[in-house]
Amino acid sequence: MERSTFLTIAHRGASAYAPENTFAAFELALQMGVRHIELDVRVTADGQAVVIHDETLDRTTSGAGPVAQRSLAELKEFDAGSWFDSRFASEQVPAFTEVLERYAKLAHLHTEIKSGQVGFCKHIIDEIHQHGAEQRVTITAFELAHLVEVRRLAPNLSTGWLVRNITEELIATAKRMGIDQLCPQASTVSPEIVRLLHNEGFTVRAWGVPSEAVMRAVVRSGADGMTVNFPDKLIHYLAMGEKGSTPI
Ligand code: G3P
Ligand code: CA
């Protein structure tokens with residue numbers, strides 16, 4: 001893997017430094033030079049797609065209870081930044097359409113479908129089509145059913161399957177379903193796994209990077225990319241190689 005083409009994907013934006021899944025975190029990622037952003041989408045009570053990780057509002061907003069029981073207008077009333085730092089008190093839960101509008105021309109959007117019935121996929125795909133962003137989005141999910149539905153409705157959209165670890169059965173399933181990218185948990189990624197997946201025709205991008213040591217191990221494995229909360233550190237490491245390592 002050419003380091004210059006390694007996919008540095010800001011996980012929920014530059015979420016080590018700004019509240020996850022907000023414009024503040026996405027803007028900061030862009031300022032760091034990142035051109036790949038990961039975000040999570042869930043469905044609201046009125047069928048809209050919003051960008052938030054948890055099933056409930058409690059951890060990352062001033063609201064409480066399930067996201068799925070609130071309308072988009074209600075969600076917009078909540079403060080989605082103060083939990084992280086009072087400087088971010090004006091942040092709101094973004095609608096997916098707003099993220100497409102603001103960022104689809106600036107970054108590739110690794111869009112994880114977190115919730116909703118399989119029918120929710122159509123709504124997301126329609127929004128991607130409305131923004132002409134088909135080449136700028138990769139749909140990811142842990143639930144294979146979502147990806148199968150995306151493949152059925154939009155065969156040209158890139159898809160990545162988030163998995164804990166790689167098994168032969170999983171590879172066979174992913175090939176059968178036409179999945180483009182396999183996304184194993186970072187701690188399970190090794191040069192052997194990456195070689196195997198490349199030979200099977202998948203790109204490999206890791207998730208769940210808890211430390212710079214794991215970040216470096218993923219790069220050294222030959223993987224194609226990773227989501228990371230501290231993309232500035234990954235950019236620095238890719239530019240400097242081992243000389244750029246922070247001692248641990
Ligand atoms: O990169 C994928 C990763 O975001 C999956 O886990 O819990 O952070 O959505 P989670
Ligand atoms: Ca995610």
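Which residues are the protein donors of the calcium ion (ligand 2)? In this predicted model, where local features need pLDDT of at least 70, side-chain atom pairs count only at pLDDT 80 or more and totals for chains, interfaces and linings use all residues, side-chain values use heavy atoms, without hydrogens and water. Residues are numbered from 1 along each chain as its sequence is written, with chains lettered from A and ligands numbered from 1 in the order in which they are written.

The donors are Glu38 (OE), Asp40 (OD) and Glu112 (OE), at 2.2 to 2.3 Å from the ion; donors are N, O and S atoms within 2.8 Å of the metal (3.2 Å for Na, K and Ca), and sites may look incomplete, as water is not among the atoms. Their sequence spacing is E-x1-D-x71-E. Aspartate 40 in strand β2 (residues 36–43) and glutamate 112 in strand β4 (residues 108–113) link distant parts of the chain, 72 residues apart. Helices (H or I, at least four residues) and strands (E, at least two) are DSSP runs, numbered from the N terminus. Both aspartate 40 and glutamate 112 are buried, that is, under 20% relative accessible area (1.4 Å probe, protein chains only).

| Helices | Axis separation | Angle |
|---|---|---|
| α3 (residues 96–103) and α4 (residues 120–130) | within 10 Å | roughly 25° |
| α8 (residues 212–221) and α9 (residues 231–240) | 11 Å | about 45° |

Axes are lines fitted to C-alpha atoms, for helices over the stretch in contact, with angles from 0 to 180 degrees between N-to-C directions. Helix α3 is therefore roughly parallel to α4, whereas α8 and α9 are oblique to each other; roughly parallel means under 35 degrees, roughly antiparallel over 145, roughly perpendicular 65 to 115, and oblique the rest.

Contacts (heavy atoms within 4.5 Å) join Phe96, Thr97 and Leu100 in α3 to Ile124, Glu127 and Ile128 in α4.

Methods: Buried < 20%, exposed > 50% of the residue type's maximum accessible area, 1.4 Å probe, protein only.
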